[in-house]
Number of protein chains: 2
Amino acid sequence: MYSTGPLLSQRQFEAIAKALADPRRFHLLETISGSEDYPCSRLCEEFPVSKATISHHLKELLRAGLVEAERDGQYMHYRARRDVLAAYSATLQERLAAKGLPVLPVE
Amino acid sequence: MYSTGPLLSQRQFEAIAKALADPRRFHLLETISGSEDYPCSRLCEEFPVSKATISHHLKELLRAGLVEAERDGQYMHYRARRDVLAAYSATLQERLAAKGLPVLPVE
DNA sequence: GTAACAGTTAGATAGTTGTACAACTATATA
DNA sequence: TATATAGTTGTACAACTATCTAACTGTTAC
């Protein structure tokens, strides 16, 4: 869906920033990240929201590229894309770096 | 892991994530970050939104701790807090790390 | 003083979004 | 086939938010 080069496109950058901004959605991502592979049904059990809401948040995380999904029969499994997170972090630092300013004072 | 700096509180973490999620607000922060010190009046000139909107966004960036402000007579000057950004980045990576999973296969 | 400029705050509005319920699709099993 | 379970999607609504204008505070200059 998205390229995962060193820096992210503006579109994906914005999608990720928005995806990370909701605490519940972040917690879902955090939970998925805690395992190699996480079944959607367990998320539905563990979070006190409807499965429609879970589905909505997972869709946003997918759209941002922060997770990937795999179907296994009836079940959906989600996996965190740590490379995409790393790319987001790198893009953040790069875009907010002090451009043209020396790291240490030059004399 | 080396000195990544301290991790952020949940409250600040959420405030930062939300502050970064709006593209216009991010662009303001990006602009401020491009210089050592940025006057509010220049932001008002350079962004096609009212000064009330600029003020609103700067307030959110301040609340998140991503910028600091200083008054100079009539003028307000803003400065990016790169240490806070770094702490956010570190917290992000830490919280979304694969806990209990080896980075490299252990034998 | 008063006029002009810089910035904040209050109130209104339009648009966004997190959420639930209900209806739907998809897969599995009897 | 029928029934049950897993997940998605449409719809609606309440809460939130980005934005504006207008009124306000604070500072400088006349």
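1. Chain A holds five helices and three strands, where helices (H or I, at least four residues) and strands (E, at least two) are DSSP runs numbered from the N terminus. Read from the N terminus, the order of elements in chain A is α-α-β-α-α-β-β-α. This is a predicted model, in which local features need pLDDT of at least 70 and side-chain atom pairs count only at pLDDT 80 or more, while totals for chains, interfaces and linings use all residues. Residues are numbered from 1 along each chain as its sequence is written, and chains are lettered from A and ligands numbered from 1 in the order in which they are written.

2. Of the 107 residues in chain A, 30% are buried. A buried residue has 20 or more other C-beta atoms within 10 Å of its own, an exposed one 12 or fewer, and a partly exposed one a count in between, with C-beta atoms placed from the backbone. Among contacts in chain A with a separation of 6 or more, 60% join residues 24 or more positions apart; two residues are in contact if their C-beta atoms, placed from the backbone, lie within 7 Å.

3. On the protein interface, 23 residues of chain A are in contact with 23 residues of chain B. The elements of chain A that supply two or more residues to this side are α1 (10-21), α2 (23-33) and α5 (82-95). The most come from α5(A), with six residues. By class, the side of chain A that touches chain B has twelve nonpolar, four polar and seven charged residues. Here Ala, Val, Leu, Ile, Met, Phe, Trp, Tyr, Cys and Pro count as nonpolar, Asp, Glu, Lys and Arg as charged, and the others, Gly among them, as polar.

4. Helix α1 of chain B (residues 10-21) has twelve residues and spans 17 Å from first C-alpha to last, close to the expected 16 Å; the expected span is 1.5 Å times one less than the number of residues. Its buried residues are Phe13(B), Ile16(B), Ala17(B), Ala19(B) and Leu20(B). They fall on the same side of α1(B) because they cover an arc of only 165 degrees around the axis, the arc being that of the directions from the helix axis to the C-beta atoms. Gln10(B) and Arg11(B), on the other side of α1(B), are exposed. The cover over the buried residues of α1(B) includes α1 and α2 of chain A, as well as α2 (23-33), α4 (51-64) and α5 (82-95) of chain B.

5. Leu28(B) is part of helix α2 of chain B. Leu28(B) is buried, since 25 other C-beta atoms lie within 10 Å. Beyond its neighbours within four places in sequence, Leu28(B) is in contact with Leu43(B), Phe47(B) and His57(B).

6. A residue counts as near a molecule or strand if its C-beta atom, placed from the backbone, lies within 6 Å of it. With six residues, α4(A) gives the most to the surface near DNA strand D. That surface divides into nine nonpolar, ten polar and five charged residues.

7. DNA strand C has 23 residues around it, and Ala52(A), Gly73(A), Ser41(B), Ala52(B) and Ser55(B) come nearest. Two or more residues each come from α4 of chain A and from α3 (40-46), α4 and β3 (75-80) of chain B. The largest share, six residues, belongs to α4(B).
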